[in-house]
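Welcome! Then we can go through it together.

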Amino acid sequence: MERSGQGEFAMSVEVCLPEALRRYANGDARVELETGTIASILARLGNQFPALSERILRQDGTLMGHLAIIRQGDVVPQQDLCEIMACDGDVLELLFVASGG
């Protein structure tokens, strides 16, 4: 956990980035962010790394369709990103979705 501005400890989650996107996040494989809904965490990730935001978030702030979020080993449905809270210590993995036929 990291210290917040008020001298308290902020609760945090870890976002793991696929190798192809790391160059847009200063080469970081993992980024620690404050807890919240998964959508709000993605928004903060995009604010911190604008070049990454262009590649993962649509103009309306929703996750692009070729990506998925894995939380504690389970895929989080796109429609639930605004509702599901990530808890202190959670690991969120941002992955590319395989498609085709």
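Let's start with the overall layout. The chain has 3 helices and 9 strands. Keep in mind that this is a predicted model. If you trace the chain from its N terminus, the elements follow the order β-β-β-α-β-β-α-α-β-β-β-β.

Next, how is the chain packed? It has 101 residues, and 38% of them count as buried. Look also at contacts between residues at least 6 apart in sequence: 47% of these join residues at least 24 apart.

Now for the cysteines. How many disulfides does the structure hold? The count is 0. A disulfide, in general, is a covalent bond that links the sulfur atoms of two cysteines. Here are two cysteines and how open they are:

| Residue | Relative accessible area | Class |
|---|---|---|
| Cys-82 | 60% | exposed |
| Cys-87 | 41% | partly exposed |

Why do the two fall into separate classes? Cys-82 counts as exposed because its relative accessibility is 60%, and exposed means over 50%. Cys-87 has a value of 41%, which lies between the cut-offs of 20% and 50%, so Cys-87 is partly exposed.

Finally, let's turn to the rings. The structure holds 0 aromatic pairs. Which ring has the charged end of Arg-55 over it? That ring belongs to Tyr-24, and the charged end of Arg-55 lies 3.8 Å from the ring's centre.

Key
Residues numbered from 1 in each chain as written. Predicted model: local features only at pLDDT ≥ 70, side-chain atom pairs only at ≥ 80, totals over all residues. Heavy atoms only, no water. Disulfide = S-S within 2.5 Å. Buried < 20%, exposed > 50% of the residue type's maximum accessible area, 1.4 Å probe, protein only. Phe/Tyr/Trp six-rings, centres within 6.5 Å; stacked < 30°, edge-to-face > 60°. Lys NZ or Arg CZ within 6 Å of the ring centre and 35° of its normal. Helix = DSSP H or I, 4+ residues; strand = E, 2+ residues; numbered from the N terminus. Contact = heavy atoms within 4.5 Å.
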